[in-house]
Amino acid sequence: MRWATFAGVCIAALVWAAYSVGAQNGSFLTQDFGAQYHLAKLTAHGAIPLVDFEHGWNAGSFWVNASLYAIAGGSPTIWYFLWGRMLGAGLGAVLAAAIGLRLRLHPAVMIAVALGVLLLATPLHIKYTICLLWVFVLLPTGWLESRRRLAAAARVLLPALVFWQYVELAVLLTGASGLFELFARRSAPWRTRIFNCVQLAGGFVLGLVVQAVAYKVLWGLSFADFNRQVILGQTETHEGSQYAVWSFFDLPTESGRFFILALYPFALLIPFVPLVWQRISDSTRLIALAGLVLVVVPIRRVDNPHTTTVSALVLLAVVLAVAELYERRTTPPSVEPDSRGTSESESKPIRSVIALPLAVLGGAWAAATLWIGFGLQSMLGAILLVALAIAGATLGAAFLGRAVAAVSAGALVVLGGVPALAAVDHLDDMRGDAKSFAVSDSIARWAGPEYERCSGGTREALVMPNYLELYDALAITNPTPYYLFHYDFAQYEDVLVPQLEDGSIPVIIETMPLHTPQPWLTDALRANYVPCSVVRIEKQTTTVTIWTHKSRGEIAQRDLTVRDGERIPTKQD
């Protein structure tokens with residue numbers, strides 16, 4: 001059943017990748033993706049692969065791009081399908097399902113993580129699927145982990161290969177795996193964990209040395225020049241790199257997938273709540289730590305694309321944590337005996353009078369981690385975020401004992417309460433920033449006096465075809481039962497034309513042309529009404545015509561233009 005689910009995910013990912021990409025036009029080729037396309041083309045034609053430390057791109061990534069360019073036959077659309085969609089979100093979903101396959105998860109959980117990566121936390125291109133591949137290979141479980149030499153080779157070769165692809169990811173993911181070995185792994189002795197760290201660091205150094213030698217031998221690049229391109233020289237040019245404050249209560253109000261921005265900081269910390277950390281598996285801990293260390297990417301650039309590209313690991317860790325907590329809900333966690341020789345399962349519950357200050361302590365940890373980690377406009381913020389999260393998880397799970405539940409409850413209240421309050425504030429911001437009635441308010445302000453002049457005191461008028469808010473704004477009523485001028489409005493011709501002819505509709509306020517042409521209506525309007533006033537509102541690019549019935553006699557006609565807050569006569573050609 002798991003293998004059938006995995007096959008289904010592979011097919012769904014391929015179909016989604018194909019049908020979610022459109023034909024790429026000229027604007028595509030002038031943006032970041034277009035730059036990658038052109039660099040792939042240059043590399044395919046023999047150029048020396050570029051090293052771009054700021055974004056992490058390294059020589060191997062451009063060779064991969066060049067290969068995809070060749071497979072695509074130079075087509076930017078097929079290249080983007082391969083590089084962006086299929087090897088981005090598509091491969092990300094497949095890797096998420098493959099992780100579920102290795103961990104022997106329930107098929108429903110495999111589908112959940114795959115769809116989450118495919119549709120919610122969507123890697124934009126091949127670079128950030130490396131993160132999922134990294135944890136898939138290094139999961140501390142299964143046949144690979146049971147073969148020591150093979151596992152050691154994986155820990156050496158993987159950082160070396162990733163270094164050749166993306167320097168940034170090699171640095172961050174090697175650090176995440178090292179933190180896992182030192183602070184999170186429970187199923188191996190300390191000697192083994194230290195050796196594992198040495199292997200990871202050795203693999204990173206191996207990738208660096210091999211690339212330096214290759215550039216020296218193949219292209220004659222000195223180590224000093226290589227250093228300026230790849231390591232210290234590049235970092236010196238980016239001392240003023242952008243590190244933005246993550247404003248939980250000030251997300252953009254325009255429509256978009258901003259829920260990723262809203263939930264990412266809080267979902268990131270859920271696996272590190274002491275009680276959760278205590279009960280999740282080592283594999284989930286590795287995934288959570290990899291997602292935590294990658295937080296430097298969206299903190300540096302707080303926007304939707306950068307957040308979605310690194311949130312796949314966060315989503316995966318949260319889903320796995322929830323699934324594991326559900327499976328173990330009837331099994332108490334294994335806890336080492338304390339100094340008195342009693343275990344957690346044998347201890348008495350904490351009194352409520354003590355639980356409250358402990359919950360406040362947990363809430364303070366969560367609030368401080370959010371405020372410091374996402375609030376400092378420097379790399380220090382990301383470092384402190386990682387340190388506080390790991391310290392809270394490891395120290396809390398190890399030393400809190402019976403207090404772990406109360407402290408964790410306080411932390412979860414903050415982690416759930418802050419985004420909930422931010423959501424309410426976000427709705428209020430949208431209410432204040434809404435532009436829904438801006439046009440109708442402008443019409444009422446500038447065309448309202450002209451209506452009063454043209455109507456002669458009557459409060460009956462027909463607004464067509466839109467901005468029905470004008471009925472309330474101008475305090476008028478509709479003398480007909482018709483409001484929506486839809487495509488089959490002609491069915492009312494027999495009833496409405498006599499009303500247009502006999503003057504029972506004294507005034508018509510035309511706010512825009514009809515969406516669907518109705519010749520019978522416009523002919524009857526021009527035959528029985530005169531344009532008493534035309535008001536052109538430049539700021540809203542709107543023209544309002546107030547028609548009065550001919551039976552009302554002669555009325556002075558005016559044509560006005562509203563410009564810079566003033567009504568001026570429109571110049572006639």
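These legends accompany several close-up views of a predicted model.

**View 1**
The protein has 24 helices and 6 strands. Of its 573 residues, 49% are buried. If we take contacts between residues at least 6 apart in sequence, 72% of them join residues at least 24 apart.

**View 1. Phe 33 meets Trp 83 edge-to-face.**
Across the whole structure, a search finds 19 aromatic pairs. In the pair shown here, the ring centres of Phe 33 and Trp 83 are 5.5 Å apart and the planes stand at 80°, so the arrangement is edge-to-face. Phe 33 belongs to helix α2 (residues 32-44) and Trp 83 to helix α4 (residues 76-102), so this pair ties together parts that are 50 residues apart in sequence. Trp 83 has a relative accessibility of 0% and therefore counts as buried. Keep the neighbours in view too: ring pairs link Phe 33, Tyr 37, Tyr 69, Trp 79, Tyr 80 and Trp 83 into a cluster.

**View 2. Tyr 482 and Phe 489 form another aromatic pair.**
Here the ring centres are 6.1 Å apart and the planes are at 90°, so Tyr 482 and Phe 489 are edge-to-face. Tyr 482 and Phe 489 are both buried.

**View 3. Two arginines sit over aromatic rings.**
One of these is Arg 102, which lies over the face of Phe 136 at 5.6 Å from the ring centre. In the other close-up, the ring belongs to Trp 190, and the charged end of Arg 193 sits over it, 4.2 Å from its centre.

**View 4. Helices α4 and α5 pack against each other.**
The axes of α4 and helix α5 (residues 107-120) are 8 Å apart, and the helices pack at an angle of about 160°. Angles over 145 degrees count as roughly antiparallel, and α4 and α5 are therefore described that way. Their crossing is right-handed. On the α4 side, the contact is made by Ala 89, Gly 90, Gly 92, Ala 93, Ala 96, Ala 97, Gly 100 and Leu 101. The α5 side contributes Met 110, Val 113, Ala 114, Val 117 and Leu 118.

**View 5. Arg 104 and Asp 564 have positive phi values.**
Arg 104, in the loop between α4 and α5, has a positive phi of about 55° although it is not a glycine. With a relative accessible area of 60%, Arg 104 is exposed. Asp 564 is found in the loop between β5 (558-563) and β6 (566-569), and its phi is near 55°. Asp 564 also counts as exposed, at 76% relative accessibility.

Most peptide bonds are trans. Look for Pro 465 in the loop between β1 (462-464) and α22 (470-473).

**View 6. Ala 387 and Thr 369 are shown together.**
Ala 387 lies in helix α19 (residues 379-399). With a relative accessible area of 41%, Ala 387 is partly exposed. Ala 387 and Thr 369 are 18 residues apart in sequence, and their C-alpha atoms are 9.0 Å apart in space.

Note on methods: Residues numbered from 1 in each chain as written. Predicted model: local features only at pLDDT ≥ 70, side-chain atom pairs only at ≥ 80, totals over all residues. Heavy atoms only, no water. Phe/Tyr/Trp six-rings, centres within 6.5 Å; stacked < 30°, edge-to-face > 60°. Helix = DSSP H or I, 4+ residues; strand = E, 2+ residues; numbered from the N terminus. Buried < 20%, exposed > 50% of the residue type's maximum accessible area, 1.4 Å probe, protein only. Lys NZ or Arg CZ within 6 Å of the ring centre and 35° of its normal. Axes fitted to C-alpha atoms, helices over the stretch in contact; angles between N-to-C directions. Parallel < 35°, antiparallel > 145°, perpendicular 65-115°, else oblique. Left-handed = near helix turned anticlockwise from the far one by under 90°. Contact = heavy atoms within 4.5 Å.
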